[in-house]
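Here's a quick briefing to read alongside the structure. Take a look at it first, and then we'll go through it topic by topic.

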Amino acid sequence: MRKLFLFVVVLAIANQAQTTKPKSTAKTAAKPVVTVATPDKINWVPVPPNLPPGAQVAVLAGNPAAPGPFVMRLKFPDGYKVMPHWHPVPENVTVLSGEFRVAMGDTWDDSKLQSLPAGSFVSVPIHHSHYAMAKGATEIQVHGTGPFKLVYVNPNDDPSKKK
């Protein structure tokens, strides 16, 4: 009976800790920022030079180039390709619209592309080579923890290195 009583007390304390707001103190860090992104307020810009031109990106939260969490969206035109590459951090992708095709490996092979329709999710582990393309106008959302970088398997595939 005593063990049951102790379990109930511990459970009550844990529950209170989860439902009680922490008190603000002078030593408390800055308040977290609440980010709201409605479609009409998203700021789309051309992708950086390390991606082929023609796509757009919008950073919704955080900074992909800095340490910490981030969320960004990308819009790809039909046929847009990102050649085999990898990232130094895990990449988490949700397909919002269109069809995103993804395959794992160091060399492009159309027969290995897996079709991911809207609503699909893929998580690519750290340093795992992969490539992708859009079928139709496609929008994806990428989230993870930065710094997020794109490293091409073949440096000649990097559009920022081409003249």
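What pLDDT does the protein chain average, and what share of the residues score at least 70? This is a predicted model, and the chain comes out at an average pLDDT of 87, with 82% of the residues scoring at least 70.

**Confidence along the chain**

**What β5 pairs with**
- Strand β5 covers residues 91–104, and it's a handy place to start tracing the strands.
- β5 and β8 run antiparallel and are joined by eleven bridges; on this side, A103 stands opposite Y131 of β8.
- β7 also runs antiparallel to β5, with four bridges between them, and here V93 faces V122 of β7.
- Strand β6, residues 114–117, pairs with β5 as well, again in the antiparallel sense and over four bridges. If you want a landmark, look for V102 and its bridge partner Q114 in β6.
- Keep in mind that side chains in a regular strand alternate between the two faces of the sheet.

**The largest pocket**
- The largest pocket holds about 440 Å³ of space.
- It's lined by 27 residues, and those closest to its centre are L51, M72, L74, F148 and L150.
- By type, the lining splits into 20 nonpolar residues, five polar ones and two charged ones.

**A closer look at W86**
- You'll find W86 in strand β4.
- Is W86 buried, exposed or partly exposed? W86 counts as partly exposed because its relative accessibility is 26%, which falls between the 20% cut-off for buried and the 50% cut-off for exposed.
- Which residues does W86 touch, leaving aside those up to four places away in sequence? The set is H127, H128, S129, H130, K149, L150, V151 and V153.
- One of those contacts, L150, is also among the residues closest to the centre of the largest pocket.
- W86 and I126 are 40 residues apart along the chain, yet 7.4 Å separates their C-alpha atoms.

Key:
Residues are numbered from 1 along each chain as its sequence is written. This is a predicted model: local features need pLDDT of at least 70, side-chain atom pairs count only at pLDDT 80 or more; totals for chains, interfaces and linings use all residues. Side-chain values use heavy atoms; hydrogens and water are left out. On a 1 Å grid over the protein atoms alone, a cavity is a set of points where a 1.4 Å probe fits but cannot get out, and a pocket is an open set with protein on both sides within 12 Å along at least five of seven lines; lining residues have an atom within 4 Å of a point. Grid points are joined across faces, edges and corners, and a volume is the space filled by probe spheres set on the points. Helices (H or I, at least four residues) and strands (E, at least two) are DSSP runs, numbered from the N terminus. Ala, Val, Leu, Ile, Met, Phe, Trp, Tyr, Cys and Pro count as nonpolar, Asp, Glu, Lys and Arg as charged, and the others, Gly among them, as polar. Buried means under 20% relative accessible area, exposed over 50%, partly exposed in between (1.4 Å probe, protein chains only). Contact means heavy atoms within 4.5 Å. pLDDT is the predictor's confidence in each residue, from 0 to 100. Two strands pair if DSSP finds at least two bridges between them.
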